[in-house]
There are 2 protein chains.
Amino acid sequence: MIVEIVTTGTELLLGQIVDTNTSFLSQKLNQLGFDVLYHSTVGDNKIRMTQVFSNALHRSDIIITSGGLGPTQGDITKEVTAQLLNRPLFLDEDSVKNIKSFFVKRQVVMSENNLRQGMIPEGAIIMKNECGTAPGVILEHDNKTIIHLPGPPHELKWMFEHAVVPYLKKRFNLQGVIVSKILHTYGIGESSLEEKIKDFIISQSNPTIALLARQGEVIIRLTAKGNTVVEAKDLIAGLEKQLRQQIADYIWGLDNDTLEANIGKILTQKQLTIALAESCTGGLITSRITDISGSSDYLVGSIVCYTNKIKTDFIGIPPQIIIDHGAVSHQTASLLATNIRQKFTANIGMGITGIAGPNGATPTKPVGTVFIAVDGPLGIQCKKYTFNGQRTDIKYRISQAALHMLRQYTLSL
Amino acid sequence: MIVEIVTTGTELLLGQIVDTNTSFLSQKLNQLGFDVLYHSTVGDNKIRMTQVFSNALHRSDIIITSGGLGPTQGDITKEVTAQLLNRPLFLDEDSVKNIKSFFVKRQVVMSENNLRQGMIPEGAIIMKNECGTAPGVILEHDNKTIIHLPGPPHELKWMFEHAVVPYLKKRFNLQGVIVSKILHTYGIGESSLEEKIKDFIISQSNPTIALLARQGEVIIRLTAKGNTVVEAKDLIAGLEKQLRQQIADYIWGLDNDTLEANIGKILTQKQLTIALAESCTGGLITSRITDISGSSDYLVGSIVCYTNKIKTDFIGIPPQIIIDHGAVSHQTASLLATNIRQKFTANIGMGITGIAGPNGATPTKPVGTVFIAVDGPLGIQCKKYTFNGQRTDIKYRISQAALHMLRQYTLSL
């Protein structure tokens, strides 16, 4: 079954927005086993949209569109399809009711234009929209299928998962299920990781293995097809076990895990508290820790010691240490960790000092140099890193490194 | 002149990456005065790519492609075009030289495959790639133009700006220039802003006005066409002046301004220093301030006072204040600002305390409630806000509000 995704909207052709619907739909449809072979985009123009739809019907079996279901005169997707397939539009009472109740719920006055959204091509299957006002429609025609989805990404996603997937499964009698699992890694580049597991990547067809580089980490996506969820999960578990024999040290999380949530779980479970003295990261690490609901249970607090004065007067770094070794040094980082731990009465203290750039480098300490220290029941650990990139990239990479050090430290407690 | 953008690559059809090249090219081409009427995507398959290129040649005058110029067997863009236009490929010595020197510069061993990138269709204009190894090509054929650009966004952007724009300007004798200017606003929603300036939006065709909602702000893009840069800039200046008569209070910055950079300039210019006591934002505001190089000149430091203990023991909030009014209160926020200012000897102190959610709400203080206080030479100011959204959205919106308060306060100093 060949699928074509057609996004509509002049704002796409003007480049005013980046289209994320297409990659979302492509990923999901591939996982269901469909071949997505074409993407097309066309503006809100009746003649050109008709040509693009007609071309898509010619070369593909299933056409999924996004956009053009809104209340304005520029929203013409259903109109174009209605004419192309000779299926006159009618006003669907149920859809009108849903649209009206959507406005009532939000205590907003409905414009009469919104009723246009209730116009449906004859013989269509109607998909309710619980995130917006535009219903979606499915039309079957000469062994081809046209599916119209709304443009706003959250509406499209909701409708795809709740209405399109069940429809496709039933209609095309999709046997089996697709299950994916993500392994998050840290501390290894994409090509080195690929090298370590390339035999698996080459030999495996079910599950498949895909490597994807993200900011500050590489993720591995395992995708298995099975007759049941249990069977697909078993396939993934088998491969994951083999992969872990090669790369266990680099894997820190699964699926939607974030590093800050992962650390939050460890700290909560071990009933540990933490305090930080951040210099070059300026509060970023603490901010990431507090992105997690419940972090007040383990984060005591932090000091952003951006100036030497704060380091000496409020975190008790002896001025002589800064004179002898520099504010960016093993000694300063370690004392920051030890002193903030003691001062804020936390189980674990962290100290971070470095050069985020682009200024501040010295011959021996280039931009990106950072010292990260952790102090706690196991004693003190301090590591030096050098990161590349723009100032904000460097800050983010330091925060990744610091959170990983924290994770390793707390795991061994 | 009708333009079609064709992105190639199976990774796009699999949904593994979001295509940002298309929106970049669309925006730039529209600014040059071209009509971009179609976007298409096709995989690394010779038959289908030939059909898509052929269809594009039929309906469009200029076809710009991205991707498929790499060294692997899957990179077939030039091959497809060579066959389609009957322009045999030859190995271009200059391109080979450039490719080889690229590897030498980076001290990386070149694989023989990379020489494939030097294969060029007969009669093509070759575009050097200073960001990567793949040269781009331009082919003119029966009044149509095909332009092949590399897929990696930074290579594509560089080549577009440095080679494609000059080519298009000369070839199509593009008269005049396009100049854009962005006005950043805060404190007003997209629809209210549109309402206030709708007469201009309707009546203007040069410059044009576009409103775009971004996270926590709305931007206004003015785009003018003129015979010279000066003429286009004058047109924009005239409209900007008129707009400012309606909405001056909401405009805080221009073009690539960020709020944190904008504040940095004010603080530097007025030789002011700042210290913060952040509770619910967990260091985010300080982190944003330190995203700016040179912020060590005005940021003394901050305390992330996530627990009441830190608020009382280290920032000197009397426990009775917290008992009587709560940690999230006008009183606590104001004292945080006053005390951190004094403690860290800064000209300006800020205190931020609120409920980022999803837990911690009370009947009178729902999730999203926040008190933001600024203390300085003008005395203390404290405002209450209520924001919606997820925890991280709320944190970000609080940071926007706080930075805007800080900006207003320092501007009046």
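## The A:Glu240–A:Lys181 pair

In this predicted model, A:Glu240 forms a salt bridge (a side-chain nitrogen of Lys or Arg within 4 Å of a carboxyl oxygen of Asp or Glu) with A:Lys181, and the closest N and O atoms are 2.7 Å apart. Because A:Glu240 lies in helix α8 (residues 229-247) of chain A and A:Lys181 in strand β9 (residues 177-185) of chain A, the pair ties together parts 59 residues apart in sequence; helices (H or I, at least four residues) and strands (E, at least two) are DSSP runs, numbered from the N terminus. A:Glu240 counts as buried, at 8% relative accessibility, where buried means under 20% relative accessible area, exposed over 50%, and partly exposed in between (1.4 Å probe, protein chains only).

## A second salt bridge in chain A

A:Arg171 forms a salt bridge with A:Glu140, with 3.7 Å between the closest N and O atoms. This pair links helix α6 (residues 153-171), which holds A:Arg171, to strand β7 (residues 136-141), which holds A:Glu140, across 31 residues. A:Arg171 is partly exposed at 30%, and A:Glu140 is partly exposed at 35%.

## B:Arg391, without a salt bridge

B:Arg391, in helix α14 (residues 391-411) of chain B, is buried yet has no salt bridge, the nearest side chain of opposite charge, A:Asp291, being 5.9 Å away; Lys and Arg count as positive and Asp and Glu as negative, while His and the chain ends are not counted. The side chain of B:Arg391 reaches the backbone oxygen of B:Gly357 at 2.5 Å.

## Basis of the values

Local features need pLDDT of at least 70 and side-chain atom pairs count only at pLDDT 80 or more, whereas totals for chains, interfaces and linings use all residues. Residues are numbered from 1 along each chain as its sequence is written, chains are lettered from A and ligands numbered from 1 in the order in which they are written, and side-chain values use heavy atoms, with hydrogens and water left out.

How values were computed
A polar contact is a pair of N or O atoms within 3.5 Å; within protein, one must be able to donate a hydrogen and the other to accept it, and residues adjacent in sequence count only if both atoms are side-chain atoms.
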